[in-house]
Amino acid sequence: MDIRLLTELVKAFAFSFVAVAGFSIVFNTEIKDVWWGSVFGSVGWVLYTVIAKYMGSAAGGYTAGAFTVAVFSEVAAMVLKRPATIFLVPSILPLVPGGGIYDMMFATVSGDLVKAGEAGYKTLIAAGAIALGIAVASSAARIFSKAIRSHIIRRQ
């Protein structure tokens, strides 16, 4: 592995960790849950970075990152007996395409409607990919937990 790639991924992990921790504190998340959410968000962001930059698929990166964050959040919710949203909401924030929304609005105000349309399209794709990743992971978690519960009930 190239040292520049490793350095870039460590920086991405650290910056997203701090960002998620900050948002978690703003959302009044308990300190013991801040650490979990920060790790989940950092892993999701690093996964997005790798897929988007080195495999050339931003939408695939958003989907994989959001799916990973959602799966980790659902598992943590089951294990720690807490709602998944306390992990998911702050953890997903590094993936939110706020820069794309800004670019779209700036281009619109500047009168460059072609650039605004391109930025809006990319932002819409990113938002849809994030929603898809979360929906698939949450649905799978619900199906899995129902299967476990029904298996436990049948054994009794």
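This is a short walk through one predicted protein model, from its overall fold to a few side chains.

Hi everyone, thanks for coming. First, some ground rules: residues are numbered from 1 along each chain as its sequence is written, and side-chain values use heavy atoms, with hydrogens and water left out. Since the model is predicted, local features need pLDDT of at least 70 and side-chain atom pairs count only at pLDDT 80 or more, while totals for chains, interfaces and linings use all residues.

Let's start with the whole chain. The protein has 6 helices and 0 strands; helices here are DSSP runs of H or I with at least four residues, strands are E runs of at least two, and numbering goes from the N terminus. Along its principal axes, the C-alpha trace spans about 65 × 35 × 30 Å. Of the 156 residues, 35% count as buried; buried is under 20% relative accessible area, exposed is over 50%, and partly exposed is in between, with a 1.4 Å probe and protein chains only. The protein exposes about 9,600 Å², and carbon and sulfur atoms supply 72% of that. Those areas come from the Shrake-Rupley method with a 1.4 Å probe, and for residues only the protein chains shown count as cover. As for contacts, meaning heavy atoms within 4.5 Å, take the ones between residues at least 6 apart in sequence: 67% of them join residues at least 24 apart.

Now a note from the records. An unreviewed UniProt entry annotates "transmembrane region" at residues 6-27, 34-55, 61-80, 87-105 and 125-145. Positions follow the numbering used here, feature names are shortened, and such annotations may be inferred rather than shown by experiment. What does the model show over two of these spans? Residues 34-55 are 95% helix and 0% strand, with end C-alpha atoms 31 Å apart. Residues 87-105 are 74% helix and 0% strand, and there the end C-alpha atoms lie 30 Å apart.

On to the charges. A salt bridge here is a side-chain nitrogen of Lys or Arg within 4 Å of a carboxyl oxygen of Asp or Glu, and by this rule the count comes to 6. Which residues are linked in a network of salt bridges? They are Glu30, Lys32, Asp33 and Arg82. Arginine 82 meets glutamate 30 at 2.9 Å, N to O. That pair links distant parts of the chain, with arginine 82 in the loop between H3 and H4 and glutamate 30 in the loop between H1 and H2, 52 residues apart. Arginine 82 also forms a salt bridge with aspartate 33, the closest N and O atoms being 2.8 Å apart. Aspartate 33 sits in helix H2, 49 residues from arginine 82. Is aspartate 33 buried or exposed? It is buried, at a relative accessible area of 3%, whereas arginine 82 is partly exposed at 22% and glutamate 30 is partly exposed at 43%.

Another salt bridge joins glutamate 74 and arginine 142, with the closest N and O atoms 3.1 Å apart. Glutamate 74 lies in helix H3 and arginine 142 in helix H6, so this pair ties together parts 68 residues apart in sequence. Glutamate 74 is buried at 7%, while arginine 142 is partly exposed at 47%.

Trp36, Val75, Met78, Val79, Leu80, Phe144, Ile148 and Ile152 form a nonpolar patch with about 720 Å² of accessible area together. Patches take residues with over 30% relative accessible area and no salt bridge, joining like charges within 9 Å and nonpolar side chains (Val, Leu, Ile, Met, Phe, Trp, Tyr) within 5 Å. H3 gives the most to this one, with 4 residues. One of the members, methionine 78, is partly exposed at 34%.

Finally, two threonines. Threonine 68 in helix H3 (residues 58-80) is buried at 14%. Its side chain reaches the backbone oxygen of alanine 64 at 2.8 Å. Leaving out residues up to four places away in sequence, threonine 68 touches Val43 and Leu47. Threonine 123, in helix H6, is buried at 10%. With the same exclusion of residues up to four places away, threonine 123 touches Pro97, Gly100 and Ile101. A polar atom of its side chain lies 3.4 Å from the backbone oxygen of glycine 100.

That's my tour, and I'm happy to take questions!

Key. A polar contact is a pair of N or O atoms within 3.5 Å; within protein, one must be able to donate a hydrogen and the other to accept it, and residues adjacent in sequence count only if both atoms are side-chain atoms.
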